[in-house]
Amino acid sequence: MADVTAYTIIKDDAELLDWCIINAHKRAGMEVDWLIILAGANKRTEGYCQKIQKKYPDMNLKYIIHPEKQPDTIPNKTERFLHNLYACWNMGYQHAETKWVVRMGSDQYFSRQWLFHLMAAAEKYGEKYTYHTNTVESPAAVRSRHPIHHFGTTWQEFDERRWDQYCNDVQTRYALQTIHTANEAGLWHNHPTRGQQLRPDGVTWLQTKELWQVYGPMHDGVNGEGVTGDVSYMDKLDDNGTPAVQVPCSLSYHLVRGESRDVQV
């Protein structure tokens, strides 16, 4: 068994899932167990998971079905979306069987050895941080505190060659820097309650399962400070002495809302 589980969420888009997890697995640079949370019972995506289990046994892939809340239980579309989303994120930590867990969206493409670099940082600095990918967003983000570059806004048009050239340049530049602190990463976040903050967190991060057991589960809506589950979770970790750091040589390209662009949050 690997020492780290990578997990993601999918509902209907098996092609997007395939684009994401196959590159993430092949580019991890180390052994990793896979967990897929299926947002609702869907024969197509469940069939895809079964197909991958047979085709790639080295992925040690498992999948869990989350029974989604429906309009008759949560009528508001955005509230229902957030509840189901964060229930799935929490299920990933709940069902992971390894010490380390890395969560990711289903609309990402990674640099070579992305997970190796995250784990190398964790081995050097220990369990006191969450370790975040150096995130690049597609133009679909419109406004983002992360760099925006046009390597494609859908998986069909993604330009792998140009992405790899970009990653090679960044990895060469930061080859001697295992992590960036919040000040070094220089990513400003406008927190609606706490004001401007330097937060190096990215779209994918590595942490121990134990941290989630202590400070989770993630909130499944907008909390009293006006933020959603992952932001409030990072607030809680930071408040309790577990800040985030960025791993500059672990890069992830984020298409932005791969399955949920029609849901305004």
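**Notebook: a look through the predicted model**

**Strand β7.** For burial I used relative accessible area, with buried under 20%, exposed over 50% and partly exposed in between (1.4 Å probe, protein chains only). Helices (H or I, at least four residues) and strands (E, at least two) are DSSP runs, numbered from the N terminus.

Next I checked the partner of β7. Four bridges join β7 to β8, and the two run antiparallel; strands pair if DSSP finds at least two bridges between them. They form a hairpin with three residues between them, and Trp188 stands opposite Leu198 in β8.

**Ground rules.** This is a predicted model, so I note that local features need pLDDT of at least 70 and side-chain atom pairs count only at pLDDT 80 or more, while totals for chains, interfaces and linings use all residues. Residues are numbered from 1 along each chain as its sequence is written, and side-chain values use heavy atoms, with hydrogens and water left out.

**Glu225.** I found Glu225 in the loop between α7 (209-215) and α8. Buried or partly exposed? Glu225 is partly exposed, with a relative accessible area of 23%. Its contacts (heavy atoms within 4.5 Å), leaving aside neighbours within four places in sequence, are His191, Pro192, Thr193, Arg194 and Asp235. The side chains of Glu225 and Arg194 make a polar contact of 3.1 Å. For the record, a polar contact is a pair of N or O atoms within 3.5 Å; within protein, one must be able to donate a hydrogen and the other to accept it, and residues adjacent in sequence count only if both atoms are side-chain atoms.

**Asp201.** This one sits in the loop between β8 (195-198) and β9 (205-208). Asp201 counts as buried at 14% relative accessibility. Its side chain has a polar contact of 3.0 Å with that of Arg145. Not counting residues up to four places away in sequence, Asp201 touches His132, Arg145, His146 and Ala244.

**Helix α2.** I compared length with expectation, which is 1.5 Å times one less than the number of residues. The 13 residues of α2 (residues 43-55) should span 18 Å, and the end C-alpha atoms are 18 Å apart, which agrees. Which residues of α2 are buried? They are Thr45, Tyr48, Cys49 and Ile52. The face turned away carries the exposed residues Lys43, Lys51 and Lys54. At the N-terminal end, Asn42 is the cap: a side-chain oxygen lies 2.9 Å from the backbone nitrogen of Arg44.

**Core.** Last, I looked at the largest nonpolar core, which has 48 residues; Ile21, Trp34 and Trp114 are among those touching the most other members. Such a core is a set of buried Ala, Val, Leu, Ile, Met, Phe, Trp, Tyr and Cys residues joined through side-chain atoms within 4.5 Å. Helix α1 (residues 14-26) gives the most to this core, with eight residues.
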